[in-house]
Amino acid sequence: MILAHDLDNLQQSLLELAQAGKRVALVPTMGALHAGHASLITLALEHADAVVVSIFVNPTQFGKNEDFSVYPRTLEADMKIAQEAGASIIYAPSAEDMYPEGFNTSVSAGRIGTLLCGKFRTGHFDGVATVVTKLLLRVMPHVAVFGMKDYQQLCVIKQVVNDLDIPIEEIIPAPIVREADGLALSSRNHYLSEDERKIATLLYQTLKNTANQLKTSSVTDALAKGVADLTSNGYKVDYLEIFEDHLLVAAWLGKTRLIDNIKIDYENQ
Ligand code: AMP
């Protein structure tokens, strides 16, 4: 596995893959890799011969009071996980490599970027849209894999790729990997205290209960009950909302903001 820290190194390695006629998949991440990320690499290998994993804690997608400075940076451990999952290249650029002096353009995530998490994290999805556009154009992969854990992000990326004619065959969604108690794996789970970790299981449980409740109650009542359940268990809920055919939640446990979502099975509602 090759570690590339800048665009020149990356493109040299990509050239070798292209000359060997390999299909390339990109898996963008912010590092602190876990089994969820590994599953994306595994899925990517079903669609390509070689996987590029980018690791970049993108400053432009963090608000000024968010966790950019404390976000875990664990390159050594990440390389081991990526290599075991079968990645060929780790692209871990510096902020200067990604945003050289004079950088002055951004991609707007448009309307989707203002909904759900976008209401609470102003500019977040513009930062995501910009960095992912750059990564896609730098790597020019045949496919890219994104987790459904970040469902809104996946929608934003599909919209951007479609609207801007970014030449890629497919944006492939990967299922959410969960702990045994249902908590979706996340690099931010490390922030949870022992007590918070115990109640963190209620997030997924509440999504399932609320989806169930939708079969017999009005949307308003089902969502209100879900919010009340979380609040009474110590969560501060940013939102619990239906978007397209998904039920999505973002809620705080202490200083940790957790997100999760499930697909609503309307046929069996
Ligand atoms: P992150 O490093 O958290 O920005 O995530 C990088 C990619 O991994 C995104 O496409 C996420 O949706 C995906 N991802 C993160 N956690 C999970 C998970 N538990 N299951 C599946 N995909 C995930």
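Helix H2 gives the most to the shell around the ligand, with three residues. Helices here are DSSP runs of H or I with at least four residues, strands are runs of E with at least two, and both are numbered from the N terminus. H2 spans 35-44, and at least two shell residues each come from H2, strand E2 (24-29) and strand E5 (143-147).

Before I continue, a word on the source: this is a predicted model, in which local features need pLDDT of at least 70, side-chain atom pairs count only at pLDDT 80 or more, and totals for chains, interfaces and linings use all residues. Residues are numbered from 1 along each chain as its sequence is written, and side-chain values use heavy atoms, with hydrogens and water left out.

Let us now look at the ligand site. The ligand is surrounded by 17 residues, the closest being Met30, Gly147, Asp150, Val177 and Leu185; a residue counts as near if one of its heavy atoms lies within 4 Å. By class, nine shell residues are nonpolar, six are polar and two are charged. In this scheme Ala, Val, Leu, Ile, Met, Phe, Trp, Tyr, Cys and Pro are nonpolar, Asp, Glu, Lys and Arg are charged, and the others, Gly among them, are polar.

Which polar contacts does the ligand make, taking pairs of N or O atoms within 3.5 Å? For the side chain of histidine 37, the distance from a ligand oxygen atom to an N or O atom is 3.0 Å. A polar backbone atom of valine 177 is 2.9 Å from a nitrogen atom of the ligand. The protein covers 93% of the 480 Å² of accessible area that the ligand has on its own, by the Shrake-Rupley method with a 1.4 Å probe.

I turn to the sheets. Six strands form an open, parallel sheet in the order E1-E4-E3-E2-E5-E6; strands pair if DSSP finds at least two bridges between them. Strand E1 (2-4) and strand E6 (170-174) each have a single partner strand, so one side of each is left without a neighbour in the sheet. Strand E3 (residues 50-55) and strand E4 (residues 89-91) are joined in parallel by three bridges, and valine 53 has isoleucine 90 in E4 as its bridge partner. Helix H1 (residues 7-19) packs on this sheet and touches E1, E2, E3 and E4, where contact means heavy atoms within 4.5 Å.

The other sheet is open and antiparallel, with three strands in the order E7-E8-E9. Its edge strands are E7 (236-243) and E9 (256-263), each pairing on one side only. E7 is joined to strand E8 (residues 246-253) by seven bridges, and glutamate 241 stands opposite leucine 248 in E8.

Note on methods
A polar contact is a pair of N or O atoms within 3.5 Å; within protein, one must be able to donate a hydrogen and the other to accept it, and residues adjacent in sequence count only if both atoms are side-chain atoms. Axes are lines fitted to C-alpha atoms, for helices over the stretch in contact, and angles run from 0 to 180 degrees between N-to-C directions.
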